[in-house]
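My entries follow in the order I made them.

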Amino acid sequence: MENTLGLEIIEVVEQAAIASAKWMGKGEKNTADQVAVEAMRERMNKIYMRGRIVIGEGERDDAPMLYIGEEVGICSRPDAKDFCNPDELIEIDIAVDPCEGTNLVAYGQPGSMAVLAISEKGGLFAAPDFYMKKLAAPPAAKGKVDINKSATENLKILAECLDRSIEELVVVVMKRERHNDLIKEIREAGARVQLISDGDVGAALSCGFAGTNIHALMGIGAAPEGVISAAAMRALGGHFQGQLIYDPAIVKTGLIGESKEANLERLQSMNITDPDKVYDAHELASGETVLFAASGITTGNLIQGVRFFHGGARTQSLVISNQSKTARFVDTIHMFEQPKYVQLH
Ligand SMILES: O=C(COP(=O)(O)O)[C@@H](O)[C@H](O)[C@H](O)[C@H](O)COP(=O)(O)O
Ligand SMILES: [Mn+2]
Ligand SMILES: [Mn+2]
């Protein structure tokens, strides 16, 4: 599965990133998102695979968004067995966020990416479009920090694992009202807080690499992004835990409806019997093969965004595989037409 897909999915995220980057700074988040979706779908449908979207752009099948249950890839066609070999006919699950950080793109802010995760069928948790409480930390702290512990306790553990003082730690938290107490606690414990407006996949991913100056992600973001982050951390060996948040009173946004009871019913209907379960990266991305790919739309602290030049563009992407145990940074020059020059940097 990995050999061919590993290369093709780079192009999938690259194409989504290029399409979205054309809308960078234009203040139109929906367009930046939609063009990324369309580019991602178009490139995915050229791959000899039998894919199914398990995490997409919402649970409604209102095209053109990549919707949950949508089948993608050449080998999803009814007559696929006539031209796809048996390997390509194996069903694979795909979680996508073609534009992670639509606000970041629209307002020309750093850290937006086109991202996806792939596994064999059943290998990714089909999370509802709820919120998720998240804890991400570097590989050295894997299994040692715990989302059930307080932020203060986790910072002590993290400091020990990383051989640093708490004052030397930086924790990313999304700037939201729901996090006011968390931010206060982290600061009182002595650590520093990096507040972000959007893009917690990038923040979780940054915890997996030393040198990013990000040592943890704490707080509540979206559940689908949690699964994609978990796939990256599973493949990288970092720490990730997530717990679904189904009570609208906690997030105070109304995005998950008004009723906790209705949300609990929905979880039941999805066979999620323990709504308060804490999932680790291996449970959210449980497949034997887990691949994660991201391409920068705007430059972040791990990968660069799309840089256009006359007749072309340059992208930077990251593909992480639990099978080959690689985190591969891929730098690509795309030539749309005969460029006057091929830009190196
Ligand atoms: O920032 C985010 C937005 O993602 P997207 O819509 O794909 O541009 C995500 O990283 C967050 O995880 C999440 O979607 C967010 O926390 C939920 O939104 P909010 O209610 O504003 O916190
Ligand atoms: Mn997102
Ligand atoms: Mn998105």
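Predicted model: local features only at pLDDT ≥ 70, side-chain atom pairs only at ≥ 80, totals over all residues.

These are my notes on the model, from the whole chain down to single residues.

Residues are numbered from 1 along each chain as its sequence is written, chains are lettered from A and ligands numbered from 1 in the order in which they are written, and side-chain values use heavy atoms, with hydrogens and water left out.

**Whole chain.** I started with secondary structure. The protein chain has 10 helices and 14 strands. Both are DSSP runs numbered from the N terminus: helices are H or I with at least four residues, strands are E with at least two. The radius of gyration is 20 Å, close to the 20 Å from the globule rule for 345 residues, so the chain is as compact as a globular protein of that length. That radius is taken over C-alpha atoms, and the rule is 2.2 Å times the number of residues to the power 0.38.

I then took the extents. The C-alpha trace spans about 55 × 50 × 40 Å along its principal axes. I counted burial next: 54% of the 345 residues are buried. Buried means under 20% relative accessible area, exposed over 50%, and partly exposed in between, with a 1.4 Å probe and protein chains only.

I checked contacts by sequence separation. Of those between residues at least 6 apart in sequence, 69% join residues at least 24 apart. A contact means heavy atoms within 4.5 Å.

The accessible surface is about 15200 Å², and 47% of it belongs to carbon and sulfur atoms. Areas come from the Shrake-Rupley method with a 1.4 Å probe; for residues, only the protein chains shown count as cover.

The mean positions of the 35 positive and 48 negative charges are 4 Å apart. Lys and Arg count as positive and Asp and Glu as negative, with His and the chain ends not counted. Each charge is placed at NZ of Lys, CZ of Arg, CG of Asp or CD of Glu.

**Manganese ions.** Which residues are the protein donors of the manganese ion (ligand 2)? I found Asp97 (OD), Glu100 (OE) and Glu225 (OE), lying 1.9 to 2.0 Å from the ion. Donors are N, O and S atoms within 2.8 Å of the metal (3.2 Å for Na, K and Ca); water is not among the atoms, so sites may look incomplete. Along the chain, the donors of ligand 2 follow the spacing D-x2-E-x124-E. Glu100 lies in strand 3 (residues 91-100) and Glu225 in helix 7 (residues 223-236), so the pair ties together parts that are 125 residues apart in sequence.

The manganese ion (ligand 3) has Asp97 (OD) and Cys99 (O) as protein donors, 2.1 to 2.3 Å away. Asp97 bridges ligand 3 and ligand 2, and the two ions lie 3.6 Å apart.

**Thr315.** Thr315 lies in strand 13 (residues 312-321). Thr315 is buried at 0% relative accessibility. I listed its contacts beyond four places in sequence; among them are Glu14, Ile18, Arg307, Asp331 and His334.

**Cys207.** Cys207 lies in helix 6 (residues 200-207) and is buried at 1%. Beyond four places in sequence, Cys207 touches residues including Ala136, Pro138, His215 and Met233. Cys207 and His239 are 32 residues apart in sequence and 8.4 Å apart, C-alpha to C-alpha.

**Phe240.** Phe240 lies in strand 9 (residues 239-245) and is buried at 2%.

**Positive phi.** Asp163 is not a glycine, yet I read a positive phi of about 55 degrees. Asp163 sits in the loop between helix 4 (151-162) and strand 6 (170-174) and is exposed at 73%. Lys252 also is not a glycine and has a positive phi of about 55 degrees. Lys252 is in the loop between helix 8 (248-251) and helix 9 (260-269) and is exposed at 52%.
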